[in-house]
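Trainee: Please take me through the calls made on this model, one at a time. For each I would like to hear what it rests on.

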Amino acid sequence: MRPGTAGTLKAAFLVLASLCAWYSGYLLAELIPDVPLSSTIYSIRSIGERPVLRAPAPKRQKCDHWTPCPANSYAYRLLSGGGRDKYAKICFEDEMLIGEKTANVARGINIAIVNYMTGAVIATQHFDMYEGDNSGPMVRFIQSAPSQSLLFMVTQDEGSSRLKEDAKKTIEALGSKEIRNMRFRSSWVFLAAKGFELPSEIQREKINHSDSSRNRYSGWPAEIQIEGCIPKGPS
């Protein structure tokens with residue numbers, strides 16, 4: 001092959017290669033969407049990475065239960081006070097009956113009465129058991145609860161110093177097994193039913209005593225709680 005002919009072929013090949021490169025670039029530009037370069041680079045880097053599966057946030061349940069209560073039942077959660085700043089709470093059907101936000105929790109024994117048939121709140125009250133003579137008024141308040149009532153009781157700070165025998169008998173008659181074990185600053189929660197029986201599997205009571213060797217808070221035991229679901233009665 002003559003030198004001149006070889007040079008011509010090389011030049012023709014270079015022109016053809018340039019045209020092919022230009023056409024390939026044109027097609028690529030048409031196929032790729034008009035996005036910022038940084039996004040394109042990120043997309044390229046993401047190729048081959050494992051997809052991240054994000055679980056949806058769990059749905060909040062009544063009274064902050066982990067799982068929902070069955071249909072045709074009431075959700076409840078009782079929390080005693082703990083230390084100086086951890087306030088007692090009574091939650092029923094996602095309504096805070098007693099607590100810091102409702103501004104009706106105080107030292108002593110805090111009680112809420114609820115109509116079992118309708119779920120309506122009848123009354124709430126707190127009774128100081130460290131100062132004053134409030135054991136008798138608490139007995140009368142408990143006795144005022146009509147038949148077919150739910151009674152929720154939680155301690156805040158100290159609930160035993162001025163708790164008299166008549167009060168202990170009244171609460172004991174509602175099914176309490178721990179009321180006579182109350183000590184200074186014991187944490188105590190109790191669920192009672194008046195005029196009907198609760199299912200045996202429902203957690204109804206819990207107590208925690210002050211013990212300086214293992215208290216979470218200086219001079220106070222840790223707060224305790226019970227929660228669950230109460231089947232509704234026939235309508």
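**Calls and their criteria**

Mentor: Arg107 and Glu131 form a salt bridge, with 3.5 Å between the closest N and O atoms. The two residues come from distant parts of the chain, 24 residues apart: Arg107 is in the loop between S3 and S4, and Glu131 is in the loop between S5 and H3. This is a predicted model, in which local features need pLDDT of at least 70 and side-chain atom pairs count only at pLDDT 80 or more, while totals for chains, interfaces and linings use all residues. Residues are numbered from 1 along each chain as its sequence is written, and side-chain values use heavy atoms, with hydrogens and water left out.

Trainee: What makes the pair of Arg107 and Glu131 a salt bridge?

Mentor: The term requires a side-chain nitrogen of Lys or Arg within 4 Å of a carboxyl oxygen of Asp or Glu. For Arg107 and Glu131 the closest N and O atoms are 3.5 Å apart, so the pair meets the definition. In general, side chains of opposite charge can pair when their charged atoms come close.

Trainee: Which residues are linked with Arg107 in a network of salt bridges?

Mentor: The network links Arg107, Asp128 and Glu131. Arg107 also forms a salt bridge with Asp128, where the closest N and O atoms are 2.8 Å apart. That pair too links distant parts of the chain, 21 residues apart, with Arg107 in the loop between strand S3 (95–98) and strand S4 (108–115) and Asp128 in the loop between strand S5 (121–127) and helix H3 (135–143). Helices (H or I, at least four residues) and strands (E, at least two) are DSSP runs, numbered from the N terminus.

Trainee: Why is Asp128 called buried?

Mentor: Buried means under 20% relative accessible area, exposed means over 50%, and partly exposed is in between (1.4 Å probe, protein chains only). Asp128 has 19%, so it is buried. Arg107, at 28%, is partly exposed, and Glu131 is partly exposed at 48%.

Trainee: How many salt bridges does the structure hold?

Mentor: The structure holds eight. One of them joins the side chains of Glu172 and Arg180, at 3.1 Å from N to O. Glu172 is partly exposed, with a relative accessible area of 34%, and Arg180 is partly exposed at 39%.

Trainee: How do you know that Cys63 and Cys91 form a disulfide?

Mentor: A disulfide is a pair of cysteine sulfur atoms within 2.5 Å. The sulfur atoms of Cys63 and Cys91 are 2.1 Å apart, so the pair qualifies. The link spans distant parts of the chain, 28 residues apart: Cys63 is in the loop between helix H2 (37–46) and strand S1 (73–79), and Cys91 is in strand S2 (residues 89–92). Cys63 is buried at 2% relative accessibility, and Cys91 is buried at 8%.

Trainee: Why is the disulfide of Cys63 and Cys91 called left-handed?

Mentor: The torsion about its S-S bond is about -85°, so the disulfide is left-handed.

Trainee: What is the count of disulfides?

Mentor: The count is two. A disulfide also joins Cys69 to Cys229, at 2.0 Å from S to S. Cys69 is in the loop between H2 and S1 and Cys229 is in strand S9 (residues 225–231), so the pair ties together parts 160 residues apart in sequence. Its link is left-handed, with -85° about the S-S bond. Cys229 is partly exposed, at 26%. With the bonded cysteines numbered in sequence order, the pairing is 1-3, 2-4.

Trainee: How do you know that the buried residues of H4 line one face of the helix?

Mentor: The buried residues of helix H4 (residues 165–173) are Ala167, Thr170 and Ile171. Seen down the axis of H4, they fall within an arc of 90°, so they line one face. The arc is that of the directions from the helix axis to the C-beta atoms. On the other side of H4, Lys169 and Ala173 are exposed.

Trainee: What covers the buried residues of H4?

Mentor: The cover includes H3, strand S6 (149–156) and strand S7 (187–194), where contact means heavy atoms within 4.5 Å.

Trainee: Why is Ala103 called exposed?

Mentor: Ala103 has 70% relative accessibility, so it counts as exposed. Ala103 lies in the loop between S3 and S4.
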